[in-house]
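Please look over the sequence and the model shown here.

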Protein chains: 2
Amino acid sequence: MTQLVSRAEGVRFDELALATRNHGMQLEGMRYDITPIGMHYLLIHFDIPEIDPSSWRLRITGCVKRGLELSLDDIRSRPATTIPVTLECAGNGRTAMDPRNVGQPWGLEAISTAAWTGTALVGILDDCGIRDEAVEVVFTGADRGIQDDVEHNYQRSLSIRECRRPEVLLAYEMNGGALPPQHGFPLRLLVPGWYGMTSVKWLRNIEVVDRPFTGFQQAVNYRYQRDEADPGVPVSRIRVRALMIPPGMPDNPSRRRTVDAGAVVLRGRAWCGTSPVVRVEVGVDGVWHDARLNREPAEFAWCSWSYTWDARPGAHRLSCRATDADGNVQPAEQIWNRLGLGNNLIQEVPVTVR
Amino acid sequence: MTQLVSRAEGVRFDELALATRNHGMQLEGMRYDITPIGMHYLLIHFDIPEIDPSSWRLRITGCVKRGLELSLDDIRSRPATTIPVTLECAGNGRTAMDPRNVGQPWGLEAISTAAWTGTALVGILDDCGIRDEAVEVVFTGADRGIQDDVEHNYQRSLSIRECRRPEVLLAYEMNGGALPPQHGFPLRLLVPGWYGMTSVKWLRNIEVVDRPFTGFQQAVNYRYQRDEADPGVPVSRIRVRALMIPPGMPDNPSRRRTVDAGAVVLRGRAWCGTSPVVRVEVGVDGVWHDARLNREPAEFAWCSWSYTWDARPGAHRLSCRATDADGNVQPAEQIWNRLGLGNNLIQEVPVTVR
């Protein structure tokens with residue numbers, strides 16, 4: 001995490017290798033309420049583990065009255081829920097930071113919405129009986145590797161209170177089919193409202209613990225820090241953001257957009273993990289206009305918005321910004337933290353109208 | 001296509017934006033005979049088009065006795081075949097070229113195998129009746145954009161002879177489900193044995209023509225050229241190549257591998273679009289050993305191979321190379337063409353054994 005790269009130097013090959021493995025959702029994917037399978041963004045810290053579902057077991061251990069060992073059939077036979085949930089990578093938008101640490105070099109495409117099916121985590125925890133001294137629950141994935149010289153399985157913890165939220169799932173289906181290997185087959189944690197790092201994939205162990213978890217991905221990574229010396233505070237819920245489907249057609253390879261003059265319906269999505277989105281505005285050459293926002297009944301899924309723009313020939317700069325029910329609005333200038341996490345800088349889409 | 005980038009400068013942001021949109025298959029995906037949905041590599045020149053399948057029609061026009069207009073139901077009611085086919089992007093491995101033109105910056109992961117279902121193209125052409133003056137067939141996709149200042153829909157042509165191969169399909173299913181939007185929904189051409197640029201996605205028109213097609217993606221792009229002045233020759237069938245699943249576990253973000261000492265089963269795949277793969281060798285620190293090759297009955301799908309390596313502590317350099325039935329073997333040094341197409345340079349995987 002000590003490698004720095006600046007825009008003047010271009011992009012490091014390490015970043016490029018990550019970009020090719022871990023893909024975003026093409027922004028035109030925002031046209032779908034539910035992101036089609038395979039378009040959902042993906043961030044894998046290490047390799048995709050190879051798991052035999054017939055011998056796989058989930059173990060629940062630690063500060064519980066009765067430990068449990070569950071097969072996939074056991075989990076599938078429990079009460080099931082399907083909910084649409086928008087996930088966003090905590091590093092989304094990171095390439096706007098300059099200079100930045102070498103890490104997953106997202107533009108703005110690390111955002112997607114799937115229909116997740118699973119069983120409530122709280123039901124399983126209640127069956128085990130959480131003991132009074134418990135303070136957190138640690139989730140361990142089967143994926144293992146080295147980061148900052150620390151060898152570890154990917155692990156994250158959640159407070160008991162968060163684990164008791166009824167919408168926190170152990171998910172085994174995505175968009176009505178089995179989880180694909182790259183999304184955590186056979187089972188993953190799903191924590192609606194939080195950035196994606198919390199939703200541990202390839203889950204194999206749940207341990208209830210009596211003190212705060214200090215593993216790498218909790219205590220070192222995924223923290224809002226000023227600098228390396230700052231212990232920082234943990235990244236948690238998704239900050240308010242709106243994105244636009246870039247209108248018109250692209251150039252290859254620059255992706256610059258050309259739009260035909262006339263009425264252009266600009267469309268996009270907006271989401272927030274802490275409170276509902278209440279307003280989306282579209283900026284045209286720096287002037288803001290209210291978009292039409294379609295509030296969705298699904299609490300944890302993005303909403304759609306649209307705005308009809310009278311496009312006149314010439315070069316224009318489009319943007320969009322969302323406001324949540326607590327009055328938070330996306331910033332025009334980002335105050336960056338050390339790892340470029342949780343940013344929600346306003347998107348800018350330069351276009352040429354002809 | 002005139003922007004050059006050299007390794008010393010790092011990677012251009014244009015390349016990074018393409019890398020994040022168009023993803024490869026994580027190389028550990030070679031463990032699956034059929035690449036799971038969503039892991040299949042993807043190269044989209046422009047945007048993913050939005051297509052309403054109920055109003056979509058395929059038109060067959062040009063030098064035919066009877067033009068045809070077919071709905072998706074019409075196509076699905078025709079005789080169907082399912083075949084496993086390995087596709088590779090013609091630009092796979094391009095980042096090993098230095099300097100190179102700005103384009104899709106693949107490492108080695110633009111390779112996948114899907115089970116494709118569709119109906120034979122030749123059946124539809126025979127129903128239309130190809131007229132004697134016909135020389136080629138032009139396939140037009142719904143995707144449109146600008147490349148090298150040329151605005152066009154993505155289009156490619158094939159000779160009548162190639163179109164008559166029974167395994168050339170109009171495919172509407174991938175791995176048993178409807179084509180995902182990003183892979184060409186509702187219908188794509190599938191030309192087994194050829195690099196992926198031939199298998200036109202979002203197909204909407206098939207035109208039988210009486211002279212060679214000179215569209216951008218045929219006459220300008222996808223050609224083996226020495227330099228910009230050289231008209232070159234068209235890229236066609238896939239050259240022989242073997243790849244290895246990088247063993248051990250990765251570092252994040254460098255992807256460097258650490259392997260435990262002892263017997264390590266190295267596994268991978270090999271394929272060729274012109275003749276069968278007859279030999280795969282594994283290189284350990286420059287010494288070649290024959291791998292065990294499992295010849296597949298499927299003519300157009302990759303074969304698996306394995307080699308058990310006695311890994312001793314220290315730094316090692318692993319590689320693999322394949323030979324086809326015509327005696328072609330992968331090169332240790334690549335002679336690059338202008339656009340870095342059709343290369344099959346030997347893969348090298350540096351590892352540290354502990």
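## Conventions

Helices (H or I, at least four residues) and strands (E, at least two) are DSSP runs, numbered from the N terminus. The model is predicted: local features need pLDDT of at least 70, side-chain atom pairs count only at pLDDT 80 or more, and totals for chains, interfaces and linings use all residues. Residues are numbered from 1 along each chain as its sequence is written, while chains are lettered from A and ligands numbered from 1 in the order in which they are written.

## A loop glycine in chain A

Gly342(A) lies in the loop between strand E23 (314–324) and strand E24 (347–353) of chain A. Gly342(A) has 19 other C-beta atoms within 10 Å, so Gly342(A) is partly exposed.

Two residues are in contact if their C-beta atoms, placed from the backbone, lie within 7 Å. Leaving out residues up to four places away in sequence, Gly342(A) touches Ala90(A), Tyr195(A), Tyr224(A), Val235(A) and Arg239(A). Val168(A) is 174 residues from Gly342(A) in sequence. In space the two are 21 Å apart, C-alpha to C-alpha.

## Two domains in chain A

Domain bounds come from an automatic or database domain assignment. For chain A, this gives domain 1 (4–234) and domain 2 (241–353). Their centres, taken over C-alpha atoms, are separated by 27 Å. The contact between them takes 31 residues from domain 1 of chain A and 23 residues from domain 2 of chain A.

Which strands supply the side of domain 1 of chain A that touches domain 2 of chain A? Strand E4 (81–88), strand E5 (100–101) and strand E6 (111–120) of chain A each supply at least two residues. E4(A) gives the most, with 4 residues. For residue classes, Ala, Val, Leu, Ile, Met, Phe, Trp, Tyr, Cys and Pro count as nonpolar, Asp, Glu, Lys and Arg as charged, and the others, Gly among them, as polar. This side of domain 1 of chain A has 15 nonpolar, 8 polar and 8 charged residues.

## A four-stranded sheet in chain A

Two strands pair if DSSP finds at least two bridges between them. In chain A, 4 strands form an open sheet in the order E15-E18-E22-E21, and the pairing is antiparallel. Strand E15 (241–244) and strand E21 (292–294) of chain A are at the edges, each with a single partner strand, so one side of each has no neighbour in the sheet. Neighbouring strands of this sheet are turned by 25 degrees against each other on average, direction ignored. Here axes are lines fitted to C-alpha atoms, for helices over the stretch in contact, and angles run from 0 to 180 degrees between N-to-C directions.

Strand E18 (residues 262–271) and strand E22 (residues 303–311) of chain A are joined by 9 bridges in the antiparallel sense. Gly262(A) has Ala311(A) in E22(A) as its bridge partner.

In chain B, strand E2 (residues 58–62) and strand E3 (residues 68–70) pair antiparallel over 3 bridges. E2(B) and E3(B) form a hairpin, with 5 residues between them. Arg59(B) is bridged to Glu69(B) in E3(B).

E2(B) also pairs with strand E12 (residues 203–209) of chain B, in the parallel sense, over 4 bridges. There, Thr61(B) has Glu207(B) in E12(B) as its bridge partner.

## How the chains meet

The contact between the chains takes 48 residues from chain B and 48 residues from chain A. On the side of chain B that touches chain A, helix H1 (13–21), strand E7 (136–147) and strand E16 (249–252) of chain B each supply at least two residues. H1(B) gives the largest share, 8 residues. This side of chain B divides into 20 nonpolar, 16 polar and 12 charged residues.

Strand pairing also crosses between the chains: strand E16 (residues 249–252) of chain A and E7(B) pair in the parallel sense over 2 bridges. Asp251(A) stands opposite Ile146(B) in E7(B).

The same surface serves both copies, as 100% of the contact residues of chain B recur in chain A.

Conventions. Buried ≥ 20, exposed ≤ 12 C-beta atoms within 10 Å, placed from the backbone.
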